[in-house]
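Biologist: Please bring up the model, and let us go through the terms used to describe it.

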Amino acid sequence: MINGLLHALILDEKGGARPIENSKQLHQWQPTDGKLWVHMDYSQTDAVDWLKNCELLNDYELESLTADEPRPRITPTTNGHMLFLRGINLNPAQSPEDMVSIRLFINNDVVITTRKRRLLSVQDILASLNNNEGPCSISELVCTLAHKLTSRMQTVIDELDESLDDFEEEIDEPSKKFDNQGLSQLRRQTIALKRYLKPQKEALSSMVNNHYPWLFDDDKAKLNETTNLLIRYLEELDSSIERALVIQQTITNQVSEQLNQRMYVMSVVAALFLPLGFLTGLLGVNVGGIPGTESPYAFTAFVVFLIVLTGGIGIYFKNKKWL
C-alpha cells in the first residue's frame, strides 16, 4: 500500500463501505465502481506523490491541500471543490485551541481527505461505516464530518465556561490569591478558538446558501443545523472573551483600590507627622539660642505640645472627613 494512505473505501450507498486492499485496486478505481473516499496523511511523501499523480489537482491546488496552516474555507477547483475545516485537538498532551486541520477535495465521485494529526471524528465515521450505519453518499459524508467536528467543540467550550465561573468565585474571596496567569491562558485559548471557528462558520454558511453539484438539498438541512450550532459556539466564545475581560478589569480595579487605600493611609500619616518632624528638626539644630535649654521642664512641655498638636490635626482631619 501507499505509505501515508490511512484508508481507501468505496461507499456501498447503504451505510457501509468496502475497503480497497492495495494500491493497484486504488489506481484501477473507476467512478462506476462507487463513490470513493480516500483518507491520507499529507506529511508522507508517498501520499503527496499519489495526490500529484491522480490528475484531480493542479500544482496550486495540491499546494493548498497540503499547506501547514490553511484557513477554513471552501473554494472551487478545476475538477471539484476544496473544503478546509478545523476540529478541536483532543489528542493526548495537546492544547484544544491548537486545532487540527482536515482538508477535503470533493466532486461527484470522490472525496479525498488529508490530515497530519489524528482526528476522532474521522474514526467515528469509520466505525459507523463498519456497522453499516454510516453515510450513504459523498454529500452525507461531508455533512457528517462537519457535524462531528463541530459537536466535539461543546465539551471544550463548556470547560471554558466552568473555568470562568471558578475565576468569578475567586474574585469574591479576597484572601485567596488570584490566578492571573490562568486567566490570561484561558483568554488566549478562547481567542484562538474563535480565530478558526469564525471563518469555518462562513464556509459552512456558503455551502448552505450556494449550489454545489455533490451536495444534496436533503443534506443541507443537517448542514444548516451544524452551522447554527457553530454560530452558538461563536456567541459563547464572544461571551467568554467579554467575561474574561470583565474579570480582569475587576481584579485590576481591586488592586488599584487597595493600592490607593494604602497610599491614602501613608499620606495621612505623613501629614500628621509633618509638623512634628519640622518642630523636632528645628529644635534639634545644634546652634545657640534654642529656647528651654536651661529649664528642666522644657522637654516635658515640648512633648505635651506635640501631643496636643497631633490631636488637633487629627480632629481637623476628622471634621474634614479625611479620616
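Modeller: Rings of Phe, Tyr and Trp (its six-membered ring) pair if their centres lie within 6.5 Å; planes under 30 degrees apart count as stacked, over 60 as edge-to-face and the rest as tilted. A search of the whole structure finds one aromatic pair. The model is predicted, so local features need pLDDT of at least 70 and side-chain atom pairs pLDDT 80 or more, while totals for chains, interfaces and linings use all residues. Residues are numbered from 1 along each chain as its sequence is written, and side-chain values use heavy atoms, without hydrogens and water.

Biologist: Why is the pair of Tyr 212 and Trp 214 called tilted?

Modeller: The ring centres of Tyr 212 and Trp 214 are 5.6 Å apart and the planes stand at 40 degrees, so the pair is tilted.

Biologist: What makes Tyr 212 count as buried?

Modeller: Buried means under 20% relative accessible area, exposed over 50%, and partly exposed in between (1.4 Å probe, protein chains only). Tyr 212 has 7% relative accessibility and therefore counts as buried. Trp 214, at 4%, also counts as buried. Of the 323 residues of the chain, 42% are in the buried class.
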